[in-house]
Amino acid sequence: MASVTGRITCLGDNALKRANRAASSAHKFQLTQSTGGTLRKYRVPFQQTPPTWQGRAFITPGESAQAEEAAKGSRSGATSAGNGSATGVTWKCSIRSTAPLLGDTGARLSIVVIDTHSELRSAVITLDSWKPPKEVTRSDGTVGWLREGAITLPAELKDPGAVLVRKQAEKNGAQSQDYIDSIQLVNASSVHTINANSWVSSEQGWRVFFSGRAYLPKDTPPTLLDERRKELKDLQGTPETRLEERKGADRIYWYQEYNDLSSGKTGKLVRPKLGGSKQLPYPRRLATNRGNEPDGREKPPAKGQKFWLQMDDRFSFDKSSDFNGAALEGSLAAAISAIAEAANAKGRSPITLLPTLVIGGVRQVLGTVLPGVESPLENFENFKDVLAMFKKASGPGFKAILPTNLYPADSTNGASSASNNGSSHASSAFKSVDGAWDFQLPEEEAAKIDEHTAEMNVGPVYDSATGTPANTSRSFAAYDSQPGATRAKERLGKRLWNVATGNSPRINNLLYFTVPRVLDGRPDAWHTDEEFGRQVVAGFNPCTVTALKDLPESFGSAIRGEHIEADLQGSTLEQLVDAAKKGAKPRLFMIDYWDLSAFWEAAANESSKGMVQHAGRAIFYLRHDGKGHDKGLIPVAIELAHPKTHKENPDLPRTAGIVYSRAELSKDTATLAVWRLAKMIFKSLDSSFHQLISHWNRTHCVLEPFFISMRRNISVMHPVHKLMAPHFRYTLNINANARSSLINAGGIIERSFSAGPYAMRLASVVYGKYWNFATEALPEDLKARGMVDPATGKPWLDYPYATDGLDVWSALSSYFDKYLRLYYTSDKDVLDDTELQAWWAEAKTEGHPDLLRFGLRQSEEQLWGFKGPIPSVSRLVTVLTTIAWLASGHHAAVNFGQYDFSSFILNASSLVRKPMPAPGDAAYKELTTARARTSQEAIMMTYLADPLTAATVSATVKLLSAHARDEHTLDEDNELLVDPAAREANEGFIAAMKRLETDIEMRNADAANWARFGLADRDTAGPMPYTLLTPSSQAGVTMRGVPYSVSI
Ligand SMILES: [Fe+2]
């Protein structure tokens, strides 16, 4: 026996967090890590002469030749100095995993070590004779395994540049797999850590994991070049294999059209293919190749199976747990709200329903509860009934969210002023004094629920009283795997196990929706014109407003000066449009959603739920105080049309609708309801456009092909891969989830938004008309919409999304520039980079092929900003910054405010069920002659989402607005970077993100910033700071935090 002195890396808290996130991440690329950090020496006694691991007991005869080949390498002259070699040196080898779920803890592994600088590689080393793995518990509670042993490497092998790993099948031939975090090789003088962070499976053959250093293809050490190429070939597959059905541990990436949105073979749940035609162009998705039905639609996954995903692209356990937990929580809240409404409507107490629902529902988990609930009640009764969906966690209770200023005191329709007590609506029998649901459970039932919910850890994800998540830690809980757990329990993890078995606490959190921030502390904000205008620049869909530089009649609108000039502070429509056209600061703005009318006749014929798709546009005026200060945006006219509008008004062009003028309709309470309803219906268009276009199309959907192309064409050793990989983390998984339950036929989007079965076809049409990569760069986007002064690039007005977004953009751009120039010393280097150029070419021609192929764009320049290969470092910076911006800032701005703006249907109803009344028709008369507060509200509720839809949408957007505990936000480092200069560039970026947090706080505290601080005219509402582009966030629904990637 002899001793060898080795070293291990002691990870500090941040490093631990990084390591654990990486381990937990399903985005398990080959991470890289230097051997730096805090090191301490220790002595490790181990055998100088390796034991019996020279044997290859687990390599079958058929595999033997392959293993030999791996050991020899593919180039001639490779030498092997393996076990027992006279020139061998003993190293300590440690293989670590932090995610043992589903794995078998490091058994049946073989490795080959490859040198960086010579063509030396070790013999095949099998690890089975090592001692059984140790269970490792980190300080944050994550549990994993560690296997250690001695290996002999050729004496000349000084700098391991890669390790080949193979997982052997079970003795009976069954598939076997392990998650490997890192492989550490230690000799007397050096420590080499090769981070794998990947699932290895017996179905994958030899896998290669490289050391962390980044190399352009031309700079790759020759000894690693073949492995670099072979790894990409494995991921590309062949023209034949990439079209085979993807299964299990496959790793081949390819593209496919959206031919899998149907949920049935015939009838109402069949949807046309998106992509591959001029009529329905679309980006491509990850190919799964399950085989097609005779009409070309891809078969759905087999019963009980999910969409295929490469194992490393899947959600981590924690991410899955958070996602499923939140989904469960939300669906129960939705179901309970709906059942409570039903009981209310039928005059029954829900007491008899509740225990069964909760206890049974918890056991059933998501997917069983909501489908079992029929729409119980057609309409909310009034505004107060909607507000009763929400409950404050603490504080003054329900009254705090009731408006006090909803109706003018001089109402002509009998509305009482200010008082909340004037409502003739009797509170539901089962509502408590403060209006929240009051379930008086029998003591026995209550105890049963307590008992069954004692340890649930899925909520609450948001605490409206403090604005912070109740679960304030993003560290990992120690529930992933428990010693002695049964197989089933280990697979589920303790947390989900407890949920599935009904052993969970905080049942109250399942019964209510927390108060959304648009309402919280500002009960009189949501119904004002000022708030309506404020949300244009600081709401959940802040990227559609344009400066108005043409008269409305020029694009077919019916809006004229007479409709709006009473609100223009002495100016005329022509004057303001003319001034803006000549380059002066615009004061009129517009949002145009006329494209949503593309399928409205067909949609009207098919609608089974009374969904009505409107087309609409709104014009906004930027008010000023006469002294050069802006006071805020207000809507001055809303133009709406629906399929019947043109039948009833044959002279009206298809491009025009009925104009609703703020100045005219706000004069008295009778017509104020019409103006409010027009705003609500317009906002529902905003909600649809937001979900389908600003959110799904412009982030989730368009980014997927860039990632597919990156995996196929850019090696994990490439500096661009290391830079961009964090920006695609979890995107494939969340998009697969969306295809299986959100955007599919009969999914939540179709059920909850007015376009119904045409929703995704609208998304395709808008992609075909407008999407250009060139104008997805934020500065170009703002320029194209006329929202910035071209001389300065700064927004013309207080536009929080743009101001904060431009800071994120410019920090990303500077960082990318600095980083990329570490590797590319000239533009020629970029042009000569075969991997990079293959990525770009394939993303365009295979990932986004339709727009040019079908002549929907005039030129490559129009679509992509330039023709052909990426010509320069600066152009590469713009390309990569655009992708990173869409994945981070843009997505965060449209994603993490969803719950706080759109769960409250009076602010943004996803659904409209009746056509907007027009002057002269019966519906208009009914609304304008009804009593305010009671009858008017009841009528308005018949136009908006029904309670079940409202609850379903609230549950969904709550789920989508939550950060998981293992979220990776822009203020955190990119752990894939190990080159010191690269790390320094990354640290500069993180410092910029931290500065931005302070800047945003200061902007939010400046009362001159009307869009952040409060309302310009009425100060009855509390301020609502703009936090959606604040980089950091804790877990939960925090309405802040910019993750690197689209992951929810
Ligand atoms: Fe999202």
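The legends below describe close-up views of a predicted model. In this predicted model, local features need pLDDT of at least 70 and side-chain atom pairs count only at pLDDT 80 or more, whereas totals for chains, interfaces and linings use all residues. Residues are numbered from 1 along each chain as its sequence is written, and side-chain values use heavy atoms, with hydrogens and water left out.

**View 1. An open sheet is formed by five strands in the order β18-β19-β20-β21-β22.** The pairing in this sheet is antiparallel; two strands count as paired if DSSP finds at least two bridges between them. Helices (H or I, at least four residues) and strands (E, at least two) are DSSP runs, numbered from the N terminus. At the edges lie β18 (546-547) and β22 (658-661), each of which pairs on one side only. Within the sheet, β19 (residues 588-592) and β20 (residues 615-624) are joined in the antiparallel sense by five bridges. Met590 stands opposite Ile619 of β20.

**View 2. Helices α10 and α16 lie against strands of the sheet.** Helix α10 (residues 529-538) lies across β19, β20 and β21 (630-641) and runs at about 90° to β21. Helix α16 (residues 669-713) packs on the sheet and touches β19, β20, β21 and β22, a contact meaning heavy atoms within 4.5 Å. The direction of α16 makes about 85° with that of β21. Axes are lines fitted to C-alpha atoms, for helices over the stretch in contact, and angles run from 0 to 180 degrees between N-to-C directions.

**View 3. A hairpin of four linking residues joins β11 to β12.** The two strands pair in the antiparallel sense over nine bridges, and Tyr179 stands opposite Trp199 in β12. Strand β12 (residues 191-201) is mostly covered, with 11 of its 11 residues buried; buried means under 20% relative accessible area, exposed over 50%, and partly exposed in between (1.4 Å probe, protein chains only). Asp181 is located in β11 (residues 177-186). Asp181 counts as buried because its relative accessibility is 5%. The C-alpha atoms of Asp181 and Arg96 are 5.4 Å apart in space, although the two residues are 85 apart in sequence.

**View 4. Lys218 and Asp219 are joined by a salt bridge between their side chains.** Side chains of opposite charge can pair when their charged atoms come close. A salt bridge is a side-chain nitrogen of Lys or Arg within 4 Å of a carboxyl oxygen of Asp or Glu; the structure holds 52 of them. In this pair the N to O distance is 3.2 Å. Lys218 is exposed, as its relative accessible area is 53%, while Asp219, at 39%, is partly exposed.

**View 5. The salt bridge of Arg729 with Asp966 links distant parts of the chain.** The closest N and O atoms are 3.2 Å apart. Arg729 sits in the loop between α17 (719-724) and α18 (731-742), and Asp966 in the loop between α31 (947-960) and α32 (980-1005), 237 residues apart. Both Arg729 and Asp966 are buried.

**View 6. A salt bridge connects the side chains of Arg1012 and Asp804.** The N to O distance is 2.7 Å. Arg1012 lies in helix α33 (residues 1010-1013) and Asp804 in helix α22 (residues 800-823), so the pair ties together parts that are 208 residues apart in sequence. Arg1012 and Asp804 are both buried.

**View 7. Glu257, Lys273, Arg284 and Asp850 belong to one network, joined by salt bridges that share partners.**
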